[in-house]
Amino acid sequence: AVPRGNPRGIAVLDDLLAADLRLALANPDAAAIGAVVRAALAPVGRWQPLSDHATVITTTVAEAATAVKLGAVDAAIVYDAVLHDFESLEGVNAPELAGITSAVGIAVVEPEAGATRRDGEDEGGTGRAGPLPAAVARTAAAHRFARFCAARDRGLVRYGERGFSTVDGDSWEPDPELLLYAGSMLRPAIDRTVAEFEAREGVRVTRVYNGCGILVAQMRAGRVPDAYFACDTEFMTQVQDLFPESRLVSQNELVILVAKGNPHGVGGLADLTKPGLRVGIGHEKQCAMGWLTQRTFNEAGLRSELMENVVVQTPTGDMLVNQMRSGSLDAAVVYLSNAAGSGDVLDAVRIDGLPCSIANQPYGVATGSTHRRLATRLLAAIETAESREIFEAEGFRWLGDGMSVGTTR
């Protein structure tokens, strides 16, 4: 920051080191501007000479700009947005400072410890501690205020008017609704997390669970959700124009589901070709599980023999589990997660030696969503340690470490 007209002709950082030039810097231990500039310049040896030369050290960035306005100094390093309030000053974009920015964020405080239930007191009877209703309501109100501040057509308009560079925020709605498409097998892994997200953020998430082939067909027909959580990368790839960036969250594997005790002696895919065996699989066109099953059959070189014993193809693994429990099938090829809640009556036989039997689950946010940031925060909730525990308890392998699919973000 310099007086309007830049009387000292300052263009680069070295100009600030002139013997007779008076310089103001904000204290790097007290003000963000000082901290970010020091962090950027110290590694290249540029910070200490400036710090030693400074004639005024201020507590805030506004005080540094004020020192220039009052003539106490000839120049100061400040944020560009600060200059909005100083008509007598102008900014010099020194090349050494290019790219040094601060991201302005708003944080919502978690409910205080005294406002949470003790273990075993939650209404659902799960034993997990959770915030009391009043604390949840306050948190939801705080999230609503934060969304207002960060809305492209509300708070961000004001930030832009005050000289800030703004991000592409969500459109403002007091009670926004997210539309989430997710493969059926993911329901037990995410449903509770999504419900907690709704309560915490004060939003509504409409969940549509179905076979991924069916979901993709709906998207191709024009019904595009805000976010899509696919059962396998293959079905995210089919709509990559709508979801060019996605992140892997979990992994699931195909298993052969049999009655408890394995009465038909099924030890692998080859045993599913036994005469008279009634086998159920996922529908190749309607769900990722069916597509992956066909791929696995081909890889094993047994597709034609195996398909002779297939008596039913369904769009979801849960339907096959129900038919196994009723005794209408002798075996079914499903995801390991489908078998998680049926260990009392069913056994899972692993399909060894075929890496193609593994499915990876990516989460993507639609480019056309008006609530992209809200949908991204839902992903953050799904990637928490608490969510991971649920995924692993449901038979998934955790991959939520930031691996991206498609365009890296």
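Modeller: I take the cysteines, then the cores, then the sheet.

This is a predicted model, where local features need pLDDT of at least 70 and side-chain atom pairs pLDDT 80 or more, while totals for chains, interfaces and linings use all residues. Residues are numbered from 1 along each chain as its sequence is written, and side-chain values use heavy atoms, without hydrogens and water.

The whole structure holds zero disulfides; the term needs two cysteine sulfur atoms within 2.5 Å. Cys-212 is in none, and its nearest cysteine sulfur belongs to Cys-231, 3.7 Å away. Cys-231 is likewise in no disulfide, with the sulfur of Cys-212 as its nearest. Cys-212 counts as buried because its relative accessibility is 1%. Cys-231 is at 5%, so it is buried as well. Buried means under 20% relative accessible area, exposed over 50%, partly exposed in between (1.4 Å probe, protein chains only).

Now the cores. A nonpolar core is a set of buried Ala, Val, Leu, Ile, Met, Phe, Trp, Tyr and Cys residues joined through side-chain atoms within 4.5 Å. The largest has 77 residues. Tyr-228, Leu-272, Tyr-363 and Phe-391 touch the most other members. Another core lies apart from it, with 31 residues, including Leu-16 and Val-37.

Last, the sheet. Three strands form an open sheet in the order S3-S2-S4, paired in parallel. Strands are DSSP E runs of at least two residues, numbered from the N terminus; pairing takes at least two bridges. S3 (56-58) and S4 (75-76) each have a single partner strand, so one side of each lacks a neighbour in the sheet. Two bridges join S2 (residues 23-26) to S4. Leu-23 stands opposite Ala-75 in S4.

How values were computed. Helix = DSSP H or I, 4+ residues; strand = E, 2+ residues; numbered from the N terminus.
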